[in-house]
Amino acid sequence: MADDYLVRIGKLIRDARQHRGWTQTQLAEALATSQSAVNRIERGNQNISLEMIARIGEALDSEIVSLGYAGPMHLRVVGRRRLSGAIDVKTSKNACVALLCASLLNKGRTVLRRVARIEEVFRLLEVLNSIGVRTRWINDGVDLEIVPPAELDMESIDAEAAIRTRSIIMFLGPLLHRMDRFKLPYAGGCDLGTRTIEPHMIALRRFGLEVTATDNLYHAQVERSVSPDRPIVLTERGDTVTENALLAAARHDGVTVIRNASSNYMVQDLCFFLEALGVRVDGIGTTTLTVHGIAQIDVDVDYSPSEDPVEAMSLLAAAVVTESELTIRRVPIEFMEIELAVLEEMGLDHDRSAEYAADNGRTRLVDLTVRPSKLEAPIDKIHPMPFPGLNIDNVPFFAAIAATAQGKTLIHDWVYDNRAIYLTDLNRLGGRLQLLDPHRVLVEGPTRWRAAEMMCPPALRPAVVVLLAMMAAEGTSVLRNVYVINRGYEELAERLNSVGAQIEIFRDI
C-alpha cells in the first residue's frame, strides 16, 4: 500500500513538472538535489517526506503536489457573466498528436513549435519516453524537442498511458518501417460508441502489416515483400485512417496514391510536416494524395502546427451562449467557413479581419469578433460532412447555440453512436433537448439556463458544451471530473477567466 501511494505521488509530481514545462534536471536544481533523485521520486522508488512534498509543491507552484494525493479535478462555475476582450486560439490538438506519432519516422531531431499542453499530448509523451524517445520542453516550455533512439524499446511501452488515448493507433504507420514485429495496447480515448480499426488495416495491409488482437494487445507483424501495387482506396474518409496511410507511405520507397482521403485540417498539417521531412505530397487539400516516399528520413526539422478550428468553434460558442462581444484571434478560417455560413443564416452578428498566414506559412487565419445576436433556428438540420463540410467535432457546439435560438433545431450526428445522447445532459441545466434516436436530437430554444451539479460526460466536445451552458446559467454550477476536457484543451478555465468568466478549479482532498 505504501508503494502504491509513492507511485501516485510520483505521478502527480511528474504531471505538475511537465505542466510547468520543466525537465527533471530543472526541478532537481530548484530542490538542490540530483536529477536521479527526482527520477526515483517520480517513479515511486524513493520514500519522500512531507517536507519534500511541500518543497516540490512550492517549486512547481502546484497545490496538487503540496497536498500529496488529490482526487479528480472539478470546476465550479459562476454563471451569467459576460465575456469581453480578445482570446487566442491554441494550436490544433489533433495535429499535434499526429505530429508526435510522425516524429517516429525521423531519425533526426524534431522540434514542434507551440505544442498544445494537453493531457492527450502528455499521454503520448509518456508512451514515447517509455520506448526510448527523448523529449523535452524548450523555450520556456513553449516548444517540444523530440530525439528518437537508434532502436525503440517496445517491450517497455507504458501501457497505462497508451490505453488512455486513441492516438496510439497512429503508431502503426511509422512502426511498420522500424521493426518486423511489435505489440501495441488497445486504443482508448473518448467513449463514442463502437469504433474498429478495420479501416486502418485495409490501408496498412497494403504495406505488409497484419494485426491480431489478443490479451488487450494488438500484435503486429510486417511482411516486407508486400507493397502497394495500385492506388489505396480508403473505405472510410476518416482523419486518423488517412494519417496512418500517410505515415506508412512516407517511408515506402516509391509512389503511393491514397484515394478517398480526408483533407481535414490535421491531415493537411501532417502533409506539411512530411514535406518538411523531405517527403513530397501532391494533392494536399483534396481527396487524392500522392506520396513520394523515401526509405530513410534523417533530418533536423522545425515545424509549427496550425491553430485548432474546433477550439475556435468552442470559443465562438462561449461568446454566443453568454451573449458576449468577444474577439477570437488566429481562427483557421478555411476550416470554419461552413460553420460561419450556417451561423450567419441563424442571425449571428460578427465580422472578421483580413486573412493572414499561420506560422506554418500555409494555413489561412483571421481574427473573428462575435457580438450578442438574436438567433433563429436554421431551416435545415445541422449535420457533419467530411471537409470542406461542417466539422464533425463542431456539431456538439451547435446544441448549445441552438438552445439559445428561437425555434427547433434538428442535430444529426450520424458518425458516432453515443455523442448525441451525451448532449441531452444539457436538460439538467434547463435545456429542452429531445433524443430521437442515438444519432439525432431535437433542440428547442430559447433556453433559460439554470445551475446544476453534474458529472462530466465521457466525451470531449459534449463535456465542453456542458461547461459553456454552465457559464450561461444563473447561479453556481459544479462540473465534476473534467479530465476529458483537459485531454483536448490547454488551461481552458484559466483562459476563459482571462476574458471575464468565473471558473474555479478545485479537487476533493
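Me: Where does Pro388 lie?
Reply: Pro388 sits in the loop between strand S17 (364–371) and H15. Helices (H or I, at least four residues) and strands (E, at least two) are DSSP runs, numbered from the N terminus. The model is predicted: local features need pLDDT of at least 70 and side-chain atom pairs count only at pLDDT 80 or more, while totals for chains, interfaces and linings use all residues. Residues are numbered from 1 along each chain as its sequence is written, and side-chain values use heavy atoms, with hydrogens and water left out.

Me: What marks the peptide bond from Phe387 to Pro388?
Reply: The bond is cis, and its omega is near 15 degrees. Most peptide bonds are trans. The bond from Gly445 to Pro446 is also cis, with omega near 0 degrees. Pro446 lies in the loop between strand S20 (440–445) and strand S21 (453–455).

Me: Why are H13 and H15 called roughly parallel?
Reply: Take the angle. The axes of H13 (residues 309–321) and H15 (residues 395–404) cross at roughly 15 degrees and come within 10 Å. Axes are lines fitted to C-alpha atoms, for helices over the stretch in contact, with angles running from 0 to 180 degrees between N-to-C directions. Under 35 degrees counts as roughly parallel, over 145 as roughly antiparallel, 65 to 115 as roughly perpendicular and the rest as oblique. H13 and H15 are therefore roughly parallel.

Me: Which residues make the contact of H13 with H15?
Reply: H13 supplies Val310, Met313, Ser314, Leu316, Ala317, Val320 and Val321; H15 supplies Phe397, Phe398, Ala400, Ile401 and Thr404. Contact means heavy atoms within 4.5 Å. By class, there are 10 nonpolar, two polar and no charged residues. The H13–H15 crossing is left-handed.

Me: How do you know that H15 and H17 are roughly parallel?
Reply: H15 packs against H17 (residues 460–472) at about 20 degrees, with the axes 8 Å apart. That angle falls under the 35 degree limit, and the pair is therefore roughly parallel. The crossing of H15 and H17 is right-handed.

Me: What makes up the contact of H15 with H17?
Reply: Pro396, Phe397 and Ala400 of H15 meet Arg461, Pro462, Val464, Val465 and Leu468 of H17. The classes are seven nonpolar, no polar and one charged.

Me: Why does Asn139 count as partly exposed?
Reply: Its relative accessibility is 44%. Buried means under 20% relative accessible area, exposed over 50%, and partly exposed in between (1.4 Å probe, protein chains only). Asn139 therefore counts as partly exposed. Asn139 is in the loop between strand S4 (134–138) and strand S5 (143–147). Its phi is positive, about 55 degrees, although Asn139 is not a glycine.

Me: Why is Arg330 called buried?
Reply: Arg330 has a relative accessible area of 18%, so it passes as buried. Arg330 lies in strand S14 (residues 326–332). It has a positive phi of about 65 degrees although it is not a glycine. Most residues other than glycine have a negative phi.

Me: How do you know that Thr256 is buried?
Reply: Thr256 has a relative accessible area of 1%, which means it is buried. Thr256 belongs to strand S10 (residues 255–259). Beyond its neighbours within four places in sequence, Thr256 contacts Phe207, Pro228, Ile232, Ala249, Leu289, Thr290 and Val291.

Me: What makes helix H6 mostly covered?
Reply: In H6 (residues 93–102), 10 of its 10 residues are buried. Among them are Lys93, Asn94 and Cys96. At the start of H6, a side-chain oxygen of Ser92 comes to within 3.3 Å of the backbone nitrogen of Asn94.

Methods:
A crossing is left-handed if the near helix is turned anticlockwise from the far one by less than a right angle, and right-handed if clockwise. Ala, Val, Leu, Ile, Met, Phe, Trp, Tyr, Cys and Pro count as nonpolar, Asp, Glu, Lys and Arg as charged, and the others, Gly among them, as polar. A polar contact is a pair of N or O atoms within 3.5 Å; within protein, one must be able to donate a hydrogen and the other to accept it, and residues adjacent in sequence count only if both atoms are side-chain atoms.
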